[in-house]
Amino acid sequence: MCRIGSIKSKIPVSPSLALNLMLPQQEGHDNSGFAMVMQDMDGVFAHYKDKPLLSLACTPAGVQLVNEYMENKGFVQIAQWVPDVDKRPGLKIAAMPRYVFRNYDYPEIYRYRTQAERENLLLDTRLALRTLLAEKGDGYVYSFWPDVLTLKEIGDPADIAVYFRLWEDTGRLTARNIVTQCRQNTNYAIVRYAAHPFFLQGYTLCANGENTFFSRNTELQKALHRGYIGFESDSQSLLYTLHYVLHELGWPLGYYKHVITPLPIAEMECRKDRDALFLIRESLSHLEANGPGAIIALLPDGTMLALGDSRKLRPMVVGGDGNMVAVSSEVCGLNAILPERDTGEDIYPDEREMIVIDNALEVRRWRQ
């Protein structure tokens, strides 16, 4: 069983804090990988928050392919951060030759386009780069979005942190929101795309558990949106459902919980909103999730979510100290990074709850 965690802070924090959140939970991950999504960046990316940030790992040939594609499409590179990697011998990491984190300016014809048009451009660009790099195995592109950085790697999380110097709090790589998991997707083939967290058009999600309705979800999702691809992990469909409910349908946040874990019919009958709930169940039954699982999600506006399966078969705890709120699979993770918090204020979400954390760090308990 894997472990997941996230941090939402008023002050930008480094990845080392997220790693320290996960280390006490080491028995729950198998040292097969580390991945994180950072949002609301600071440090070297502080001045480029409105510029799309490309995150990818590739070969030298892959870099050239990306360079040519982006130039041909009219993107202009305006900044780049290249990790100063530590290549000491003995590290357990399946490192790629090159890592690219670049900010681009939009093509000239998109300077005055709508937000929706820009979002579609960034998605289509990422999908095109993914296909281009996959042709000869030249790399992986994880995200292309303003103010978002994604890193995924295979190996021991502690060694990965050494390799990328993530233990060093230099202030160069920091963010106010970090979502992380320390495990590769070992239920299936180990590929970088399968590592949590997953990202799509500003939406980030990672999960701890198993979605036994995965095949059922994918049958519908493959026809819903061009961005719903890959399906390297059974939890990936949970991100696509989140994106579909909020981004495509434009429904209120609470309906996500009703889609993936609908109430029993007998309980729906007693609700004032029963007509809406029955329509959701009938029209989107293929998006229901099943099995043990805890979910952490991050929305484009910075809102962080924590919720679980309909039977509470996976643990999760939320705690904070006024300057930071963290979510962890186990309380030992919170103890490691928030030792002075009031533990009496910790929240253990039940099967009917969704915890919503806004940018002021106000924590709300939304009940299904």
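**Salt bridges in close-up**

**View A. Arg341 and Asp346 are both buried residues.** In this predicted model, the two side chains form a salt bridge, with a nitrogen-to-oxygen distance of 2.8 Å. Side chains of opposite charge can pair when their charged atoms come close.

**View B. Asp40, Asp42, Lys49, Asp147 and Arg176 belong to one network.** Salt bridges with shared partners join these five residues.

**View C. Lys51 is joined to Asp105 by a salt bridge.** The N to O distance between the two side chains is 3.3 Å. Lys51 is located in the loop between β2 (33-41) and β3 (52-58), whereas Asp105 belongs to strand β5 (residues 98-105); the pair therefore ties together parts that are 54 residues apart in sequence. Is Asp105 buried or exposed? With a relative accessibility of 15%, Asp105 is classed as buried, because buried means under 20%.

**View D. Glu267 and Arg352 form a salt bridge.** The closest N and O atoms of this pair are 2.9 Å apart. Glu267 has a relative accessibility of 34% and is accordingly classed as partly exposed.

**View E. The salt bridges of the model number 19.** Among them are the pairs Arg341 and Asp346, Lys51 and Asp105, and Glu267 and Arg352.

Terms used
Residues numbered from 1 in each chain as written. Predicted model: local features only at pLDDT ≥ 70, side-chain atom pairs only at ≥ 80, totals over all residues. Heavy atoms only, no water. Salt bridge = Lys/Arg side-chain N within 4 Å of Asp/Glu carboxyl O. Helix = DSSP H or I, 4+ residues; strand = E, 2+ residues; numbered from the N terminus. Buried < 20%, exposed > 50% of the residue type's maximum accessible area, 1.4 Å probe, protein only.
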